[in-house]
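Here is a short briefing on a protein structure. Keep the sequence and the 3D view open as you read.

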Amino acid sequence: MATLTDVDIKKLLTEPSSVTMRPSYEGGNINTAIGFKCDNYLLEAAVLDHFRAVGLGATELYLVHGVNFDVVGVDTRLHTVLTLDDDVTVEVTPKTKDTDREMVFAVAAIVQRDGAPKKAVTSKFRVLLRRDTAIPDPAPLPAELERFVVDRLATAEPSELASTPVDDLHGAFHRGEDATADPVLSEIIGDDNAIGWKWRIPYYYCHFTERMQMSGYLRQMEEAKHLFVASRGISIKRLLDERGWIPVVTQNKLRFTDEAVMEEDLYSVYTVESVFKDMLYTSRMDFYVVRDGNLVKTATGEITHGYCHKETPDSEWQMAVFDDEVLRALRGE
């Protein structure tokens, strides 16, 4: 087992690091532009590398120290589009204050544009180390890290639920406008300009054998956009085919409020809150589980969407202005 020195701890908690990577090929869904989900994946990989550089990779933390590395909050802004073959320098700068109970990192993805560096993505990541009882007799972490070690990532106050969940496989897969078929979703959504669906958390959205991880929520956030616009008659494929509009995200944030466990039924709700300048709209994402007859919110966040298009394949991206059809669909009119 490696021993961390004071120099290592200082590097982890106070000194910046950088790594050069390329975006995942998974993210090139529409031409070669990378979506917000895989932008966040890239930043998460850089934060993991920041830990790995001082001998505290996720495997070492788990097997030796008996803790799970967990990203519990992201607040990300996208300034320019990353593409598949960009060499991206990701800078990780510790921002943890003496009073913080989470490790905080400012993360910036920098790419070359027109011969000069440009910030493409910036974010604030929050990290906790969760104890894992599966590891017997773990080695202690340095004292400076103990305040970031928790038994549970977050605990939300349950709220009363009037509805009774429908406990069947079909009920776990209601989508979009079918939300009213599920009594819990109907109660959550009410008259809001929202859609929701219930699904069973699969193992491949989880880590450490148990809990849904941040990337799983980001995948749900992306799924929500797809389901919402399809339910309103302006599906992503339709606007791509008819107008050449691609969906673009300018900001997303997400924070854990509790833990969601593998094979629980998760209720995902996407609510449009505002449309501004006829070019962007902001939606809230809330995630819930039902435990002991009560509703428990496990995560919450926001995402701001618009559309981009190009006049020609080699021209610059331009923001699209919503027309009446799109505005009415977004507003639920």
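T89 touches S18, V19, T20, A108, A109 and I110, leaving aside residues up to four places away in sequence. This is a predicted model.

**T89 and its surroundings**
- T89 belongs to strand 3, which covers residues 88-94.
- One of the residues that T89 touches is T20, and the side chains of these two are joined by a polar contact of 3.3 Å.
- Is T89 buried, exposed or partly exposed? The relative accessible area of T89 is 26%, so T89 counts as partly exposed. The cut-offs behind this are under 20% for buried and over 50% for exposed.
- D114 is 25 residues from T89 along the chain, and the C-alpha atoms of the two are separated by 16 Å.

**Aromatic pairs**
- How many aromatic pairs does the structure hold? The count is 12.
- Y203 and Y204 form an edge-to-face pair, because their planes are at 85° and the cut-off for edge-to-face is over 60 degrees. Their ring centres are 5.3 Å apart.
- Y203 and Y204 are both exposed.
- The rings of W245 and Y307 have centres 5.3 Å apart and planes at 40°, so this pair is tilted.
- W245 sits in the loop between helix 6 (236-243) and strand 11 (246-256), while Y307 is in strand 14 (residues 294-309). The pair therefore ties together parts that are 62 residues apart in sequence.
- W245 and Y307 are both buried.
- One aromatic cluster is formed by W199, Y203, Y204 and Y205.

**Charges over rings**
- Y205, part of that cluster, has R219 over its face, 4.0 Å from the ring centre.

**Positive phi angles**
- F208 is not a glycine, yet its phi is positive, at about 55°.
- Where is F208? F208 is found in the loop between strand 9 (206-207) and strand 10 (211-212).
- K277 is also a residue other than glycine with a positive phi, near 60°.
- The loop between strand 12 (265-276) and strand 13 (280-291) holds K277.
- K277 has a relative accessibility of 73%, so K277 counts as exposed.

Key
Residues numbered from 1 in each chain as written. Predicted model: local features only at pLDDT ≥ 70, side-chain atom pairs only at ≥ 80, totals over all residues. Heavy atoms only, no water. Phe/Tyr/Trp six-rings, centres within 6.5 Å; stacked < 30°, edge-to-face > 60°. Buried < 20%, exposed > 50% of the residue type's maximum accessible area, 1.4 Å probe, protein only. Helix = DSSP H or I, 4+ residues; strand = E, 2+ residues; numbered from the N terminus. Lys NZ or Arg CZ within 6 Å of the ring centre and 35° of its normal. Contact = heavy atoms within 4.5 Å. Polar contact = N/O pair within 3.5 Å; in protein donor to acceptor, adjacent residues only side chain to side chain.
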